[in-house]
Amino acid sequence: MTADLRSGPAAADPVRTGWAGRTAQRARAVRDGVHRLARPVAPVVAVAALVTAALLFLLGGPPLLRWIPATDIARMHVDFDTFRASAYALVQHGPGSAAIYDTGARLHNLNPPLLSVLLAPLALIDPVAGYRLLTALSALLVAGSVLLVCRELRPGRRWTTGALAVVLASSPLHGTLLLGQIYPLLLAGLTAGWVAERRGHPLLAAACYGVTVALKPSLAPVLLLPAVQARWRPFAAGIAAAAVATLVGVAVAGWPTAFQWLAMALSEPVGPTPDNASLPGQALRWGIPTVVGTLAGAAVAVGTLVHLGRRTRRHGADPAAGTDPGGTALFAVLATGLLAAPIAWHNYLLLLVPGLLALVASGRAGDTRRRVVVAIGCLAVVPVSWSDLWADGGWATPLGRALYTAVLLVTWWSLLRPATGPVPGGSFRSAEESNRAPA
């Protein structure tokens, strides 16, 4: 049992204190209930996930890694084919053209013009060579990001090795590499900003986040985090970086591309496939109007930002006191953006890895948060052939096809736990723990 040792103006008001005390008690009761449930369940889920993954690899379809050497770019590496087609159109028609969204590629390019500008060098080489180059760079970016985060957090050699092994074995990474997606580039941008934040460079961090959001606007909620934490200069820097990067991409690709992209992005329907982990996607699979999922996702995003803002006011503006800009808060907000988006493939889980590692570093051996992170990592190893097990109309299909949304929801919930540090001994601890003591 713990006692809240906070004092201040609120403590002097009996009415306010009584209401706040009851609210805090209910919140602690819910948290303790979740803790009691998660502690024994997480190891069971981890073992079940590993067994399932092994069986699917042995008895299911070919693993995704098998198809990475394939040379049929348009059929096997569809995202890369789409991105390269846009970049090729930009190179062929020159800066100022509006051809990057009218390429005849199999999929629509839903990314802003800035991505086509960045990938223009790939249009100058053979498509197969370009795909293999991007795949090699993507693998290096993911491995380098994980190692950089672990170097920053110092969770120990065992956790570093395990984290790298799980990420390299994960279905999100394999799917990302096979399709030629840009998530490793986004992960690198988020990691660079997160490390800059921890090392005392909030404006540089905000700029990194802004450029990352300019590449993938569905991550935009992360730019609001400094605002709710009353860090106005980083907030302005993030918005400015996103705006400038977006305008540069539009200026080079052609001003009409801004309207083309907006029209496509706003009209793109919710993805019904099982690996769309967003709440609108889950609503569609359950036969619920997608607007319900969108509103639920928006409520989660707003509620998370409000919670983080209240945490800042309660614990102070200093990162070590509870605002947590260099811990899990950024990734909790990022997860809400994914939950609310029309499309958030399971592969996006890669972007939340630094936050999960921060959660590990803030815990102690055997505690619940570490068990939950292990379970999430093991679930990520389950290959996407999992979705093939659930036939349309089956009684268990609605639950089976909810796996990826459930993983994203659990990840978001886990990342709400603040993680700051360091404390003596080289470990990390929760900001809330620093304000509590045994009764």
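Start by selecting residues 41-59: this stretch is 100% helix and 0% strand, with its end C-alpha atoms 26 Å apart. Helices here are DSSP runs of H or I, at least four residues long, strands are E runs of at least two, and both are numbered from the N terminus. You are looking at a predicted model, where local features need pLDDT of at least 70, side-chain atom pairs count only at pLDDT 80 or more, and totals for chains, interfaces and linings use all residues. Residues are numbered from 1 along each chain as its sequence is written, and side-chain values use heavy atoms, leaving out hydrogens and water.

Next, pick residues 203-225, which are 61% helix and 0% strand, with end C-alpha atoms 13 Å apart. An unreviewed UniProt entry lists both 41-59 and 203-225 among its "transmembrane region" features; such annotations may be inferred rather than shown by experiment.

Now move to α9 (183-198). Colour Tyr183, Trp194 and Glu197, which are among the buried ones. After α9, click on Gly200, whose phi is positive, near 85°.

Finish at α17, residues 353-361: nine of its nine residues are buried, so this helix is also largely enclosed. Show its contacts (heavy atoms within 4.5 Å) and you will find partners including α6, α9 and α20 (403-415).

Note on methods. Buried means under 20% relative accessible area, exposed over 50%, partly exposed in between (1.4 Å probe, protein chains only).
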